[in-house]
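Dear colleague,

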Amino acid sequence: MLTISFHPETFGDPEPYGRNTVKFRIATSVVLAATLALAAAACSSNDNASTGDNKSIEFWSFTGINQKAQVDDYKKLHPGIDIKLTEVGSSVETAQALTTALAGGKVPDLVLIQGDDLPKFVQQPQNFVDLRTLGADKVKGDYLDWVISQSIAKDGQILGVPTDVGGMAVAYRTDLFAKAGLPTDRDAVGKLWPTWDAFIEAGKKYVAATGKPFVDNAATSVFYQAVNQGPEKYYDTAGNLVYDQSPQVKTAFDLGLKAVAAGISAKQSSFATGWSAGMGPGQFAVVAAPSWMLNAIRTNAPGTKGKWDIATIPGGAGNWGGSYLAIPKNAKNPKAAWDYIAETQSPKGQLAHFVASGSLPTTPSVYKDAQLTSLKDPFFSDAPTGTIYTDSLLGLKPFYIGPDSSAIGQEFQNAITNVEQGKGDPATAWDTALKNIKAAIGK
Amino acid sequence: MTRPTRRRHVRRRTYALLGLAALACWFPLYWMFVVATTDTARATQLPPEIKPGGNFFHLAGLVFDTVPFVRSLINSLIVAGSIGVGQAVLCSLAGFAFAKLHFRGRNALFLVVVLTMTVPTQLAVIPQYMIISSLGWVDTLQALIVPGLASAFGIFWMRQYFTTTISDELLQAARIDGASTWQIFWRIAFPLVRPAAFVLGLFGFVTAWNDFLWPFIVLKSPDMYTVQIAIKALQNQYAVDLGLAMSGSFLATIPLLVLFVFVGRSMVAGIMDGAFKG
Amino acid sequence: MTTSLSPTLGRLPALSGSVGVRQRIVERIAPYAYIAPFFVVFGVFGLVPLLFTFYIALFDWNPIGEHTFIGLDNFTRLLHDDRFWNAAGNTLSIWVLSTVPQLLLALLLAHLLNHARLRFAVFFRMSMLVPYITSVAATAIVFAQLFDRDFGLLNWLLGHVGVGPIDFTQSRWGSYVLIAAMVMWRWFGYNTLLYLASLQAIPREVFEAAAVDGASGWQQFRHITVPSLRPIIVFTIVTSTIGGLQIFTEPLLLSRSAPLTCGPVRQCQTLTLFLYEQGFGQFQFGYGAAIGVALFVLVVVLALINYLLSTRIRREQR
């Protein structure tokens with residue numbers, strides 16, 4: 001089935017063989033070289049970022065934290081310093097890029113690491129500059145003890161400086177509360193649920209009155225916050241794993257199941273598509289909101305401005321989130337990076353960032369500052385977000401956070417979510433969670 | 001030549017089925033456009049919004065303001081273009097060798113190439129970064145281009161084409177006529193598989209254009225971003241501004257659509273003409 | 001896999017005697033010169049990183065910490081790990097769901113598109129490639145929104161026919177369907193065009209003769225279309241097997257609240273995602289690499305089986 005015919009004339013004048021083969025080799029090399037040259041030419045505009053002269057900083061951050069504002073301000077005050085900021089991807093993706101860089105080669109001068117990702121890095125302190133060598137000892141006292149202790153390695157090396165914390169409160173819809181006959185004033189609402197049981201009762205009242213779900217989900221908004229309210233979480237003070245014996249953890253877990261059983265959950269996992277979409281239409285009326293989530297609410301439901309307010313969380317205290325600035329060991333400009341940290345993360349710097357972006361400072365000395373206490377957020381009915389969130393921090397009893405805390409917390413949440421979705425049995429949920437934790441962390 | 005006229009006209013249900021398939025193909029892209037012209041709130045309401053709004057230019061403007069979009073388009077063009085051309089060239093040469101030339105180790109080498117397609121590459125990121133780093137290529141476009149040139153699938157594809165499209169007699173006749181290997185390749189074999197090489201180049205281009213993970217790890221300067229990184233910067237991990245994110249995605253797809261309009265016909269025709277005869 | 005008429009003519013004869021020695025040598029190494037450009041790049045950037053993956057499967061390998069040789073411990077642990085078997089089950093189910101209907105649909109559509117008198121043929125053909133050029137990231141956002149339990153278009157339409165809202169992302173089979181839908185949507189047009197190309201090589205007279213002989217459309221499909229498409233069907237089955245068992249990006253992007261586990265009970269976590277979670281999420285690269293090796297074995301075995309099955313089918317039909 002030859003469909004192509006062959007014509008001798010195709011060749012034309014037979015050329016000397018030698019030239020042909022050489023020509024072929026040249027041609028291939030030319031093509032390859034051209035490809036590389038093209039690419040190289042395109043890269044000529046990329047100036048060599050970290051030259052080691054401490055006049056430039058390569059800074060990796062992630063979205064949602066708005067480091068850009070601080071970077072721009074710093075550049076205005078220090079025109080001789082060039083900061084190359086990469087603000088792409090989630091905290092998890094940035095941590096993965098950091099892992100690759102630390103394992104493989106070229107590292108940035110400065111990197112922002114989220115609290116959940118931090119423990120794994122702190123366990124390998126040899127990858128980061130011990131900030132005490134750059135002066136961190138002097139400023140250590142500026143920060144909340146339990147916050148900075150998370151970035152301190154086992155031999156006392158300070159690996160990171162905290163940039164912000166989340167605090168914890170409850171954001172609720174005043175319009176929906178009014179429709180359900182619940183109080184709308186934030187102090188009254190705070191008094192409505194001093195304990196988690198009272199919170200669940202309020203939820204039941206809401207559901208009975210409106211027929212719509214009360215809280216976005218039980219795993220995150222109930223369990224995850226309640227478990228943070230005791231003096232001991234998954235590890236005891238000596239650093240031993242106690243997640244399966246700790247009464248606080250069990251109580252918090254049962255609270256989560258109770259909330260599910262009460263039928264008050266909208267069963268929307270935090271940050272999922274439906275969660276974002278459900279905010280505006282009022283698919284749930286309350287959500288446990290750390291300070292950084294306020295921006296998420298603003299983005300997801302721009303049309304509900306003024307219809308939200310913020311009340312204290314049941315249990316009074318809490319924290320979710322927080323990030324740290326660290327300097328990788330082989331950074332080319334560690335001094336410049338430290339200068340940036342020292343200035344922007346000073347109490348004054350963190351206060352300024354709070355006023356500009358709402359990031360809660362980790363420096364208690366500014367908690368009573370008028371700039372912080374007077375800040376009101378009109379989207380949330382002029383709630384004094386500074387005061388509310390810092391109060392939630394001050395009531396927190398510090399507990400030990402270990403390298404596997406994040407994985408353990410995730411498995412507990414998974415177990416509750418599973419029951420919430422109607423797939424898991426509440427009676428065996430605790431045992432299932434323990435089994436999964438054991439498989440995940442091996443202990 | 002008489003032909004029965006029974007099968008001449010196309011049944012209506014054929015058009016219905018094909019129309020349904022075409023609708024399924026276009027709808028998500030169309031919906032992306034709809035969301036890119038309204039905003040998050042309207043995009044998530046029920047009944048779902050299926051008519052475009054008027055917000056396109058506002059959102060598109062935001063995209064250009066927020067991220068270095070034009071620069072990233074140029075970077076993507078360079079990277080994807082180089083990979084497309086490079087793959088077509090490298091895989092044609094090697095595919096020809098594997099299909100029509102005989103040399104020691106041919107089958108073993110080919111097997112190695114095919115086997116590498118079966119191993120997931122996610123962990124290979126770290127040794128690859130080590131190599132790139134030691135070459136000093138971090139934060140450069142060649143770190144994307146050079147690794148992207150060696151496509152195992154491309155070899156598989158071109159060898160398949162060479163094998164089934166070009167018969168050995170053809171090449172033997174040429175050899176008897178006194179042609180060198182290069183002449184055989186360049187004058188006879190390659191023109192016959194040019195459509196396939198072209199298609200491979202195009203697929204390489206599209207894949208490179210849409211790649212995120214490796215570029216994200218290697219490129220860190222905003223002016224080196226490719227377009228996928230640039231539009232990722234529009235997405236907040238806690239809250240997606242759907243209108244903005246979709247606007248970015250749509251703008252990033254437009255160059256491919258344009259390319260597609262100009263080249264699509266010949267691409268499709270290319271698959272039609274050269275494929276798998278015999 | 002050559003289709004030459006006579007197997008003994010497979011080798012290009014040597015150059016005639018009037019050619020110089022230098023040319024002979026050059027011609028002898030020519031094949032290596034042809035594959036050299038590819039192998040230089042491939043060796044450095046393709047092969048070495050993959051061999052690395054195999055190598056560290058024997059280690060307890062923290063990417064930024066210690067590397068300890070532990071032999072086959074990772075593999076024993078893997079075999080006893082429920083999460084591995086869960087991921088394997090997910091992977092196989094998603095692969096079957098996304099490949100079988102897709103290739104059948106592609107065959108059918110290719111057959112329809114093959115009609116000589118089809119109008120808008122170019123439009124239909126080009127439409128088939130539109131999904132391929134859309135980025136996976138954008139597709140994930142769009143599909144997640146369309147399939148959403150409370151605010152998605154699909155559930156809204158289902159509601160009209162009385163079917164309750166399905167939570168695709170939270171249920172096991174729902175998430176399989178969602179991921180399979182995404183993968184199918186992306187690739188069915190590409191496979192359709194591949195089949196169509198080969199179909200167009202079959203002379204029209206063959207179909208006409210069969211029609212004259214009284215063969216129905218279905219019989220023509222079974223006895224002419226499918227056998228003639230055997231090489232390309234084999235090709236698509238093998239490549240779909242290799243690709244479908246390594247699905248990674250779709251499950252990763254779909255679960256925003258627990259990206260690396262894909263759901264609270266890992267209902268849609270594929271093997272590659274599990275590998276990635278162990279490597280980058282838990283800093284256990286050795287364990288992740290062991291998963292990679294397991295996946296490699298799985299892919300090779302299944303691809304081989306599929307290859308043998310599909311090459312046999314044709315012979316039986318004859």
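In chain B of this predicted model, the C-alpha centres of domain 1 and domain 2 lie 31 Å apart. Domain 1 of chain B is made of two stretches, 33-66 and 234-273, while domain 2 of chain B covers 78-224.

The secondary structure of chain B consists of 13 helices and zero strands, and its pattern along the sequence accordingly reads α-α-α-α-α-α-α-α-α-α-α-α-α. The C-alpha trace of chain B spans about 70 × 70 × 30 Å along its principal axes. Of the 278 residues in chain B, 60% are buried. If one takes the contacts in chain B between residues at least 6 apart in sequence, 77% of them join residues at least 24 apart.

Chain B also meets chain C: 83 residues of chain B are in contact with 88 residues of chain C. On the side of chain B that touches chain C, the element that gives the most is helix α1 (residues 12-37) of chain B, with twelve residues. By class, that side of chain B comprises 52 nonpolar, 22 polar and nine charged residues.

The axes of α1(B) and helix α4 (residues 121-133) of chain C come within 8 Å and cross at roughly 40°. The crossing of α1(B) and α4(C) is left-handed. From α1(B), the residues B:Leu18, B:Ala22, B:Cys25, B:Trp26 and B:Leu29 meet C:Phe124, C:Ser127, C:Met128, C:Val130 and C:Pro131 of α4(C). This contact has nine nonpolar residues, one polar residue and no charged residue.

Helix α3 (residues 91-104) of chain A and helix α6 (residues 125-134) of chain B have axes that come within 8 Å and cross at roughly 55°, which makes α3(A) oblique to α6(B). Here the crossing is right-handed. The contact involves A:Thr100, A:Ala103 and A:Gly104 on α3(A), and B:Val125, B:Ile126, B:Tyr129, B:Met130 and B:Ser133 on α6(B). Its residues divide into five nonpolar, three polar and no charged.

Chain A is itself divided into two domains, each of two stretches: domain 1 (56-165 + 322-366) and domain 2 (169-318 + 381-441). The C-alpha centres of these domains of chain A lie 28 Å apart. Between them, 13 residues of domain 1 are in contact with 15 residues of domain 2. On the domain 1 side of this contact in chain A, α4 (118-122) and α6 (145-148) are the elements that give two or more residues. The residues of that side comprise six nonpolar, four polar and three charged.

Two residues of chain A call for attention on account of their backbone. Most residues other than glycine have a negative phi. Phi of A:Lys267, however, is near 60°, a positive value, and phi of A:Phe271 is near 70°, likewise positive. A:Lys267 lies in the loop between α11 (247-261) and α12 (273-279) of chain A, and A:Phe271 lies in the loop between α11 and α12 as well. A:Lys267 has 23 other C-beta atoms within 10 Å and is therefore buried. A:Phe271 counts as buried because it has 22 C-beta neighbours inside 10 Å.

Lastly, I looked at one residue of chain C. C:Leu154 lies in helix α6 (residues 153-160) of chain C. Is C:Leu154 buried or partly exposed? With 19 C-beta neighbours inside 10 Å, C:Leu154 counts as partly exposed, since a buried residue needs 20 or more. Apart from its neighbours within four places in sequence, C:Leu154 is in contact with C:Leu146 and C:Phe147. C:Leu154 and C:Val100 are 54 residues apart in sequence, and their C-alpha atoms are 23 Å apart in space.

With kind regards

Definitions and conventions
Residues numbered from 1 in each chain as written. Chains lettered and ligands numbered in written order. Predicted model: local features only at pLDDT ≥ 70, side-chain atom pairs only at ≥ 80, totals over all residues. Domains from an automatic or database assignment. Contact = placed C-beta atoms within 7 Å. Helix = DSSP H or I, 4+ residues; strand = E, 2+ residues; numbered from the N terminus. Nonpolar A, V, L, I, M, F, W, Y, C, P; charged D, E, K, R; others polar. Buried ≥ 20, exposed ≤ 12 C-beta atoms within 10 Å, placed from the backbone. Axes fitted to C-alpha atoms, helices over the stretch in contact; angles between N-to-C directions. Parallel < 35°, antiparallel > 145°, perpendicular 65-115°, else oblique. Left-handed = near helix turned anticlockwise from the far one by under 90°.
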